[in-house]
Amino acid sequence: MRSRFRIAPLLLMLALAMTACGGSESSPDDASASASASQSEASQTVDRTVTLQPKGNRMKYETTEFSVAPGETVRLVFENTATSPSMQHNVVLLTSNDEALFEEVGEAGTRAGSSNDYVPQEDPLREQVLAYTPMSQPGETVEVTFTVPEESGEHGYLCTFPGHWATMQGTMIVTEDAAA
């Protein structure tokens with residue numbers, strides 16, 4: 001009987017020690033890395049914010065064209081105002097506005113799957129992606145910040161959710177006329 005009373009306090013201390021060592025899933029190193037990533041994002045100066053939305057519950061963007069200046073830092077916000085559960089969307093900006101590239105990237109996005117936000121992971125198509133937002137559920141807002149190429153020209157954008165790329169497209173025009 002006495003051995004039980006001796007073991008109980010030891011078990012209690014062991015349980016307390018294990019609880020004290022557990023706790024948060026992130027280590028101090030994780031916290032500082034996360035804080036520095038947030039600071040670097042926050043310290044990045046944004047020259048222009050562009051907000052896109054879908055056209056209701058259709059596979060179309062409300063805005064199919066916008067202009068930016070060469071070299072600008074752009075914050076692209078996508079507000080998924082759709083209400084249908086099948087209207088998951090993203091915005092994938094391409095290095096050109098070539099119709100054949102839309103199809104290639106759209107089909108490669110389907111192969112990439114949901115774990116990759118339907119964004120191509122294979123070369124050379126991965127290199128044709130200038131920037132992209134994460135996939136958004138209806139009612140969700142996602143964003144990406146990127147630097148516009150220095151050369152004037154047209155860059156296509158599309159939604160790479162399976163089947164959406166064929167009709168959900170637009171054009172980002174890089175022009176000196178867009179300078180703020």
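Which residue in S7 does Val92 stand opposite? Val92 stands opposite Leu158. The model is a predicted one, in which local features need pLDDT of at least 70, side-chain atom pairs count only at pLDDT 80 or more, and totals for chains, interfaces and linings use all residues. Residues are numbered from 1 along each chain as its sequence is written, and side-chain values use heavy atoms, with hydrogens and water left out.

Strands (E, at least two residues) and helices (H or I, at least four) are DSSP runs, numbered from the N terminus. Two strands pair if DSSP finds at least two bridges between them. S4 and S7 run antiparallel and are joined by 2 bridges. S7 and S8 also run antiparallel, with 6 bridges between them. Here His155 has Met172 in S8 as its bridge partner.

Asn90 sits in the loop between strand S3 (73-79) and strand S4 (92-94). Its relative accessible area is 0%, so Asn90 is buried (under 20% relative accessible area; exposed is over 50%, partly exposed in between; 1.4 Å probe, protein chains only). Two polar contacts involve its side chain. Such a contact is a pair of N or O atoms within 3.5 Å; within protein, one must be able to donate a hydrogen and the other to accept it, and residues adjacent in sequence count only if both atoms are side-chain atoms. The side chain of Asn90 reaches the backbone nitrogen of Thr160 at 2.9 Å. A polar atom of that side chain lies 3.1 Å from the backbone oxygen of Asp117. Not counting residues up to four places away in sequence, Asn90 touches residues including Tyr61, Val119, Pro134, Leu158 and Phe161 (heavy atoms within 4.5 Å).

Aromatic pairs were assigned for rings of Phe, Tyr and Trp (its six-membered ring) with centres within 6.5 Å; planes under 30 degrees apart count as stacked, over 60 as edge-to-face and the rest as tilted. The count is 4 aromatic pairs. Phe66 and Tyr157 form a tilted pair, because their planes stand at 40 degrees, with ring centres 5.5 Å apart. Phe66 belongs to strand S2 (residues 65-68) and Tyr157 to strand S7 (residues 153-158), so this pair ties together parts 91 residues apart in sequence. Phe66 is buried at 9% relative accessibility, and Tyr157 is buried at 0%. The pair of Tyr118 and Phe161 is edge-to-face, at 5.3 Å centre to centre and 75 degrees between the planes. Ring pairs also link Tyr61, Phe66, Phe78 and Tyr157 into a cluster.
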